[in-house]
Amino acid sequence: MFFDEPTSGLDSFMAMSIVDSMKKLAARGKTIVCTIHQPSSDIFERFDKLCLLAEGRLAYIGDLSAAAKFFSAY
């Protein structure tokens, strides 16, 4: 399933509810792809994988838990 900025315009409670619902779908084996713009730290931490683009180019793709280590190396 693809979600294009599903939390835009929502208050923090509703945004978290949407992300939790997507997480439950993923736990049941669904592939979830989501674009998100400036998520709160609570929402950001709920994602498993991360794909970051910079100036139209791939900057990082991988586990969210490994992103900080990856970027601290530069």
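Q: What pattern of helices and strands does the chain follow when it is read along the sequence?

A: Helices (H or I, at least four residues) and strands (E, at least two) are DSSP runs, numbered from the N terminus. Read in that way, the chain follows the pattern β-α-β-α-β-β-α, with three helices and four strands. This is a predicted model, in which local features need pLDDT of at least 70 and side-chain atom pairs count only at pLDDT 80 or more, while totals for chains, interfaces and linings use all residues. Residues are numbered from 1 along each chain as its sequence is written, and side-chain values use heavy atoms, with hydrogens and water left out.

Q: What are the overall dimensions of the C-alpha trace along its principal axes, and how much of the chain is buried?

A: The C-alpha trace spans about 35 × 30 × 20 Å along its principal axes. A residue is called buried under 20% relative accessible area, exposed over 50%, and partly exposed in between (1.4 Å probe, protein chains only). By that rule, buried residues make up 18% of the 74 residues in the chain.

Q: Which residues of α1 are buried, and what do they pack against?

A: An α-helix has 3.6 residues a turn, so residues three or four places apart point the same way. In α1 the buried residues are Ala15, Met16, Val19, Met22 and Leu25, and they pack against β1 (2-4), β2 (33-35) and α2 (41-44).

Q: Is Thr7 buried or exposed, and which residues is it in contact with?

A: Contact means heavy atoms within 4.5 Å. Thr7 has its place in the loop between β1 and α1 and is buried, with a relative accessible area of 12%. Leaving aside neighbours within four places in sequence, Thr7 is in contact with Ala15, Val19 and Ile36.

Q: How many salt bridges does a search of the whole structure find?

A: Side chains of opposite charge can pair when their charged atoms come close. The rule for a salt bridge is a side-chain nitrogen of Lys or Arg within 4 Å of a carboxyl oxygen of Asp or Glu, and a search of the whole structure finds three. One of them joins the side chains of Arg46 and Asp20, at 2.6 Å from N to O. Arg46 lies in the loop between α2 and β3 and Asp20 in helix α1, so this pair ties together parts that are 26 residues apart in sequence.

Q: Which residue forms a salt bridge with Asp48, and where do the two residues lie?

A: Asp48 pairs with Lys23, the closest N and O atoms being 2.8 Å apart. Because Asp48 lies in the loop between α2 and β3 and Lys23 in helix α1, the pair ties together parts that are 25 residues apart in sequence. From C-alpha to C-alpha, Lys23 and Asp48 are 9.1 Å apart in space. Lys23 is partly exposed, at 32% relative accessibility, and touches Arg46 as well as Asp48, not counting residues up to four places away in sequence.

Q: Which strands hold Asp63 and Lys49?

A: The side chains of Asp63 and Lys49 meet in a salt bridge of 2.5 Å, N to O. Asp63 lies in strand β4 (residues 57-63) and Lys49 in strand β3, so the pair ties together parts that are 14 residues apart in sequence. Asp63 counts as partly exposed, at 34% relative accessibility, whereas Lys49 counts as exposed, at 60%.

Q: Where does a residue other than glycine have a positive phi?

A: Glu5 is such a residue, with a phi near 50°, and is found in the loop between β1 and α1. Gln38, also not a glycine, has a positive phi of about 50° and is found in the loop between β2 and α2.
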